[in-house]
Amino acid sequence: MKKNVYFGLYLVVALLAVLPFVVPNSFYLDLVIRMAINAVIVLGLNLLIGFAGQISLGHAGFLGIGAYASAVLPTHFGWHPLLAMGAGAAATGILAALVARPIFKLKGHYLAMATLGLGIIINIALRNEAQWTGGPDGMPVPAMGLFGFELSNDKQWYWVVALLLSVSVWASLNLIDSPFGRALRALHGSEVASQVVGVDVVRYKVAIFVLSAVFASLMGSVTAHYVGFVSPNFADFFHSIELVTMVVIGGMASVYGSLVGAVLLTALPQALATFEGWETVVFGAILMGCMIFLPKGLVPTLAAKFGKGE
Amino acid sequence: MLAQFLQFLFSGITVGATYALAALGFTLIYNASNVINFAQGEFIMLGGMLAVYFTQAGLPLPVALMLAILIPAIVGVLVEKLAIEPVKGAETVTLIIITIGASLVIRGLIQVWLGKNTFSLAPFSGDEPIQILGATLLPQSLWVLGVTAVVVVALWYFFNRTLQGKAMLATSYNRLAAELVGINTSWVLFMSFAMSAALGALGGILVTPITLTSYDVGIMLGLKGFVAAVVGGLGNGLGAVLGGLLVGILEAMGAGYISSSYKDAIPFVLILFILFFMPRGLFGGKSTDRV
């Protein structure tokens, strides 16, 4: 079992090591970097949605806090980007922890409503505080420097992001098999049963929510520095939905499913650009089709079909 | 002072009535299938946009309005037949994504067909404002409130006094038991989507002469309708109506007295507070979990 689990990780690392030498041009390198960034976010979100069984429809709001911390603090207050990134993550963690306790007394649709509301409030605030955030037009983000060495070209970014992704996959695999991960999966199965065997249900839910929110905030900062620009669309409801869709299409409670979902949905808009004007219709139809025919997501469905578990 | 307050109140109640109709739509579908239909907002948009299209095409107003309600109802039934029924019993997240997919398809088709412009519809009976204690009330607001009131009474009658209505209520309490006593629950599902889409469209039509419409108004209207439904306690019809009015009034008051740029945030702040302190909404019943 254990060997089987890490086999996938080695495959991912090998693929990441080879990729930059085989991508044909910088357009595709950029696409690969964005896929990898999304994959890290989706891994965090899948811990919450897939493993712990809790819905968040406001995760883009947390990405937004991280991204805007990295844009606003260095620009207006001269903070070091790393410090700004940490501050964003800390702020997100505190916010998530504050709202999580009351939120996680809720279930199902009420939880969906609460997280959705939180995301929308963050987005509206980013849009309205134009003197800090540039309002609906967004604002540029200063470059990220590491010990006097400035991350400037895509090749350098690629290695940073590839490292982040590999570490995240490794950490997720370990987390799931830890006592913490087992508690999460137990409370997804049955909250009452896990309470009976001594799992502090609310505490674990809050912990995983905060963890995935901080994950999102950090990756929001990374995205902001990589793209060099943030706008409120990055933190809107639709982006939250895209992230949840990546989780579900790849496969809930599947680490490699998260990667597949992130890769597919990041590539999709590029592929749809040929359908001038019809992108929204086709995107919506694909979402519905996937969910109707593969309600468990791609990776678990295929894994079941070929008779081997993950 | 009073005039200003009344002014905010009038505009709040008017928009709130639209939220109430949308919230009733959420409630109907939720009761029949446990699905939160995130495409509800698109039915509001469809109603308004189709009413504009058919009146501009020269059809007489009553015919145009009938079509603008009938077509969304058919779309609602199609969504149910093609996308919801095949995945009965799927996880909540899966169902949420399916209805969001449906909303994208509807919005995208309207955008391709009618473009991205903002459209207006002529008020049904003139735009001579009525003066009440220094505040002005548009005749269209009376249409919105009057029709909403009639619809609420009609729905009450339907659910409490007719066999079909009682069959729908029974299904919402316990689907299996309803099937056992011979209720056709797939008919109930069909009716809920048709009625819910028609209610949304009706709200969209009524409010368009006041608020204008475009292909993308459905998102916010739908989400606020969802807020209203949750404020009232999901699944509670009367709660949905009161929730809609409350959300509308608070939004108008907040926009008027606090900050108009944060107007859209007010319903969501409200819902967070309500959920923090009353986890099942203002009028939701107590819940018991079966282990």
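Read along the sequence, chain B runs α-α-α-α-β-β-α-α-α-α-α-α-α, where helices (H or I, at least four residues) and strands (E, at least two) are DSSP runs numbered from the N terminus. This is a predicted model, in which local features need pLDDT of at least 70, side-chain atom pairs count only at pLDDT 80 or more, and totals for chains, interfaces and linings use all residues. Residues are numbered from 1 along each chain as its sequence is written, while chains are lettered from A and ligands numbered from 1 in the order in which they are written.

**Exercise 1.** Work out how compact chain B is.

*Solution.* Start with the inventory: eleven helices and two strands. Next, take the radius of gyration (over C-alpha atoms) and the globule rule, 2.2 Å times the number of residues to the power 0.38. Chain B has a radius of 19 Å, close to the rule's 19 Å for 291 residues, so it is as compact as a globular protein of that length. Its C-alpha atoms fill a box of roughly 60 × 45 × 35 Å along the principal axes. Finally, check burial: 49% of the 291 residues in chain B are buried, that is, with 20 or more other C-beta atoms within 10 Å of their own, C-beta atoms being placed from the backbone.

**Exercise 2.** Describe how helix 1 (residues 2–33) and helix 5 (residues 139–161) of chain B cross.

*Solution.* First, the geometry: the axes come within 9 Å and cross at roughly 35°. Here axes are lines fitted to C-alpha atoms, for helices over the stretch in contact, and angles run from 0 to 180 degrees between N-to-C directions. Then the hand: helix 1 of chain B passes helix 5 of chain B in a left-handed crossing, meaning the near helix is turned anticlockwise from the far one by less than a right angle. Now the residues: helix 1 of chain B contributes, among them, B:F10, B:I13 and B:A17, and helix 5 of chain B residues including B:V144 and B:L145. Contact means C-beta atoms, placed from the backbone, within 7 Å.

**Exercise 3.** Find what chain A brings to its contact with chain B.

*Solution.* Count both sides: 34 residues of chain A are in contact with 37 of chain B. On the chain A side, helix 5 (108–128), helix 11 (237–250) and helix 13 (279–293) each give two or more residues. Helix 5 of chain A supplies the largest share, twelve residues.

How values were computed. Two residues are in contact if their C-beta atoms, placed from the backbone, lie within 7 Å. A residue is buried if 20 or more other C-beta atoms lie within 10 Å of its own, exposed if 12 or fewer, and partly exposed in between; C-beta atoms are placed from the backbone.
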